[in-house]
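Subject: Handover of a structure and findings

Dear colleague,

Please find the structure below, followed by an account of what was found in it. Kindly keep the sequence to hand while reading.

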Amino acid sequence: MPKRSGDHTGTRIQEQRKLARLTQRVLADRIPYSYSWLTQVECGARPASVDFTAAVARALRIDVTVLTGQPYVTQLQEDRLAELVRPIREAMDLYDLGDDPLVTARTVAELLATAEELCALVRATRLHAAAAALPGVITELTVLCWRTPTTELWQALASAYRTAHDITVKLGFYDLATVALDRLGWAAERAADPSLAAMRQYFRGLVYFREGEYTVGLRLIRSGHGLLGADGSSRAALTVAGQLHLGGSVLAARAGEADLAAEHIAQAREHAERVGDASRVHWLNFSSTNVALHEMSVAMEMRRYDEALRQAKAIRLPATVATSRRAHFYIDRARVELELGRGEASLKSMMAARRSAPEQTRYHPGARETIRGLVHLSRRAPEPLRAMATWIGM
C-alpha cells in the first residue's frame with residue numbers, strides 16, 4: 001500500500017481555509033457542495049475533483065494551483081521535463097526585440113513544416129520531444145517575422161505559441177500558458193487571421209473553466225464567435241466555431257446551465273456534420289467523435305454520472321483520434337466510474353490512460369485525485385493500484 005501522504009489537495013484546502021479564517025461550515029456555504037463533502041475531501045476520504053477544487057479556489061479567491069500543488073516539480077525533475085520549461089519562457093519573452101543578426105534561421109519551408117510537426121508531437125503526447133525543440137522554433141520564427149514579415153510566418157509563429165500553451169498547460173505551468181496565449185494573440189493580430197484570434201478566445205475560456213469563473217469563460221466563447229465575422233463560412237472558421245461551442249458546453253455545464261450546454265452541443269454537432277473530420281484544422285481535434293466526448297463531459301460536469309457512463313460505454317474511439325484526446329477520455333471515464341463506486345473499472349480506465357499517454361496522465365490533476373480516491377476506496381490495494389499510486393507521485 002502506498003503511503004498516504006499528508007500533502008494532498010484536501011490538506012491544502014484545509015490550510016488555505018484556515019488562513020482565510022473560515023470554518024468548514026462557512027466555506028461549505030460558499031460553494032455548491034455540502035458540508036459533508038468538504039469535510040471528506042479535507043481529511044482525504046474523498047478525492048478533490050477538478051470542479052470541486054475550482055469552486056473552492058474561487059470561494060477563497062486564490063489560484064487553483066495553490067490547491068492542486070502544480071506544477072509537480074519532483075516528477076518533472078525525474079522525467080527531465082523541468083529543465084525544458086525555462087528555455088520556452090525565455091524564447092517567448094524576447095518576442096519584441098526585433099531582428100537578431102546572430103540568429104541563423106532555417107528556411108521558411110523548414111520552419112513551417114517544423115511548426116506543424118510540433119503540433120503533431122503534442123497531439124501524440126510526446127511532450128519531452130516537443131518541449132525540447134520548441135524554443136529554437138519560436139526564436140527562429142520570431143527573427144524571420146521581424147526580418148521578412150509575411151502572413152504565413154506570423155501564422156506559423158502563432159502556431160508555435162499555441163504549442164507552448166499546450167505543453168505548459170499539460171505540465172501544470174498555467175501562468176506561463178497564459179503568457180503563451182498573449183503571444184498567440186499578438187501574432188494572430190499581425191497575421192490578420194480571425195480564426196487564430198477566435199481560437200485564442202477558446203483557450204482563454206478554458207483558463208476560466210479551470211479557475212471556476214464560468215461566466216467570464218462563456219463571455220470569452222461569445223467573443224470568439226464574434227471575431228470570426230465575415231470569415232465564418234470557411235472550413236477553418238466553421239471548425240473553430242464548432243470548437244468554441246464545445247468549450248461553451250462544458251462551461252455551461254459547470255455553471256449549471258443545462259439548456260445552454262445542450263444548445264452548444266447541438267450547434268457543435270451541426271458544425272461537425274458540415275466540416276466532417278476536421279481534426280487537422282488548427283489541430284483542434286474537431287469531429288463528430290469529439291462532440292460525443294464533450295457530450296459525455298457535460299453529463300459528468302453536471303454530476304449525472306449514470307448518464308455519463310452510459311455515453312462513455314457507447315463511444316468507440318476511431319484509430320484517428322489524437323492520443324491526447326484518447327487519454328483525456330479515459331481519465332474522465334475513470335472519474336465517472338470512481339464516483340459510481342466502480343473501483344476496478346476506474347483503475348482499468350486509468351491504466352488505459354497511462355498506456356495511451358504516460359506523460360500527460362502523470363501530470364493531470366484529475367488523474368492524481370482519481371488514483372487517490374481509488375487508494376482510499378480499497379481496503380487492500382492490489383499491486384496494479386499500488387504501482388499506479390507510486391508512479392503518479394503519491
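Is Cys145 buried or exposed? Cys145 is buried, with a relative accessible area of 1%. Here, buried means under 20% relative accessible area, exposed means over 50%, and partly exposed covers the range in between, with a 1.4 Å probe and protein chains only.

Before the remaining findings, two notes on the source are in order. This is a predicted model, in which local features need pLDDT of at least 70 and side-chain atom pairs count only at pLDDT 80 or more, whereas totals for chains, interfaces and linings use all residues. Residues are numbered from 1 along each chain as its sequence is written, and side-chain values use heavy atoms, with hydrogens and water left out.

Cysteines

The structure holds 0 disulfides, a disulfide being a pair of cysteine sulfur atoms within 2.5 Å.

The annotated domain

The UniProt record, in an unreviewed entry, lists residues 13–67 as "domain: HTH cro/C1-type". UniProt positions are given in the numbering used here, feature names are shortened, and annotations may be inferred rather than shown by experiment. In the model, this span is 69% helix and 0% strand, and its end C-alpha atoms lie 6 Å apart. Helices (H or I, at least four residues) and strands (E, at least two) are DSSP runs, numbered from the N terminus.

Glu42 is placed in helix α3 (residues 35–43). Glu42 is buried, at a relative accessible area of 3%, and its side chain makes a polar contact of 2.8 Å with the side chain of Gln24. A polar contact is a pair of N or O atoms within 3.5 Å; within protein, one must be able to donate a hydrogen and the other to accept it, and residues adjacent in sequence count only if both atoms are side-chain atoms.

Helix α12

Helix α12 (residues 194–211) has 18 residues and reaches 26 Å from its first C-alpha to its last, close to the 26 Å expected at 1.5 Å a residue. The expected span is 1.5 Å times one less than the number of residues. Of the 18 residues of α12, 14 are buried, so the helix is largely enclosed by the rest of the structure. At the start of α12, a side-chain oxygen of Asp193 comes to within 3.0 Å of the backbone nitrogen of Ser195. Just after α12, Gly212 has a positive phi of about 80°.

The charged end of Arg210 sits over the ring of Tyr174, 4.3 Å from its centre. The charged end of Arg254 is placed over the ring of Phe209, 3.9 Å from its centre.

Aromatic pairs

A search of the whole structure finds 9 aromatic pairs. Rings of Phe, Tyr and Trp (its six-membered ring) pair if their centres lie within 6.5 Å; planes under 30 degrees apart count as stacked, over 60 as edge-to-face and the rest as tilted. Tyr95 and Trp186 are edge-to-face, because their ring centres are 5.0 Å apart and their planes stand at 85°. This pair links distant parts of the chain, 91 residues apart: Tyr95 lies in the loop between α7 (85–93) and α8 (108–123), and Trp186 in helix α11 (residues 174–191). Trp186 counts as buried, at 13% relative accessibility. Tyr95, Trp146, Trp154 and Trp186 form one aromatic cluster.

Backbone features

Most residues other than glycine have a negative phi, and most peptide bonds are trans. The peptide bond from Gln70 to Pro71 is cis, with omega near -5°, and Pro71 lies in the loop between α5 (64–68) and α6 (73–78). Arg61, which is not a glycine, has a positive phi near 60°. Arg61 is in the loop between α4 (50–60) and α5 and is exposed, with a relative accessible area of 80%. Asn285 also has a positive phi, of about 60°; Asn285 lies in the loop between α15 (258–275) and α16 (288–301) and counts as buried at 15% relative accessibility.

Yours sincerely

Technical notes: A charge sits over a ring if NZ of Lys or CZ of Arg is within 6 Å of the ring centre and within 35 degrees of the ring normal.
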